Amino acid sequence: MADTSDTRTPAQIEADIKRRREVLAETLDEIGVRVHPKTIVGDARAKVVANVDHTLGRAYVQVNKVVSDVKAQFVDETGAPRLERVVPVAVVAVGLVGLLVLGTRRRNG
């Protein structure tokens, strides 16, 4: 059987009730803000932005790594170009551009 004896004064009980009402009012306000459509949309947007930022950050790191690897193929440790690799790539690039130009002129001619 529960002990129903209360040694608090009526003023203390009223103060406890008042405090609990204030806490409940705060909690209800917080719940109202959390379930408001604008808050839900804002939270969803924030999650999407965070995921996009994370994905873009990872992509940036990968691209930066690839660029560094490619650069290492054409530049030595001192920063000087490796001519044995640069010259053949330049020749191939000029050849491709020349073929494209010739192909375009033949179609138009």
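Helix α1 is hardly covered, for among its 25 residues the count of buried residues is one, where buried means under 20% relative accessible area, exposed means over 50%, and partly exposed lies in between (1.4 Å probe, protein chains only). Helices (H or I, at least four residues) and strands (E, at least two) are DSSP runs, numbered from the N terminus. Please keep in mind that this is a predicted model, in which local features need pLDDT of at least 70 and side-chain atom pairs count only at pLDDT 80 or more, while totals for chains, interfaces and linings use all residues. Residues are numbered from 1 along each chain as its sequence is written, and side-chain values use heavy atoms, with hydrogens and water left out.

The helix has 25 residues and reaches 36 Å from its first C-alpha to its last, close to the 36 Å expected at 1.5 Å a residue; the expected span is 1.5 Å times one less than the number of residues.

Turning to charged contacts, a search of the whole structure finds five salt bridges, each being a side-chain nitrogen of Lys or Arg within 4 Å of a carboxyl oxygen of Asp or Glu. One of them joins Glu30 to Arg34, whose closest N and O atoms are 2.8 Å apart. Because these two residues lie four apart in helix α1 (residues 10–34), about one helical turn separates Glu30 from Arg34. An α-helix has 3.6 residues a turn, so residues three or four places apart point the same way. Glu30 is partly exposed, with a relative accessible area of 45%, whereas Arg34 counts as exposed at 55%.

Another salt bridge links the side chains of Asp16 and Arg8, with 2.3 Å from N to O. Asp16 counts as buried at 19% relative accessibility, while Arg8 is partly exposed at 37%.

A further salt bridge is formed by the side chains of Glu77 and Arg82, at 3.7 Å from N to O; Glu77 is exposed at 74%, but Arg82 is buried at 19%.

Together with Ile31, Val35 and Ile40, Leu28 makes a nonpolar surface patch of about 390 Å².

Technical notes: Patches are made of residues with over 30% relative accessible area and no salt bridge: like charges are joined within 9 Å, nonpolar side chains (Val, Leu, Ile, Met, Phe, Trp, Tyr) within 5 Å. Accessible areas come from the Shrake-Rupley method with a 1.4 Å probe; for residues, only the protein chains shown count as cover.
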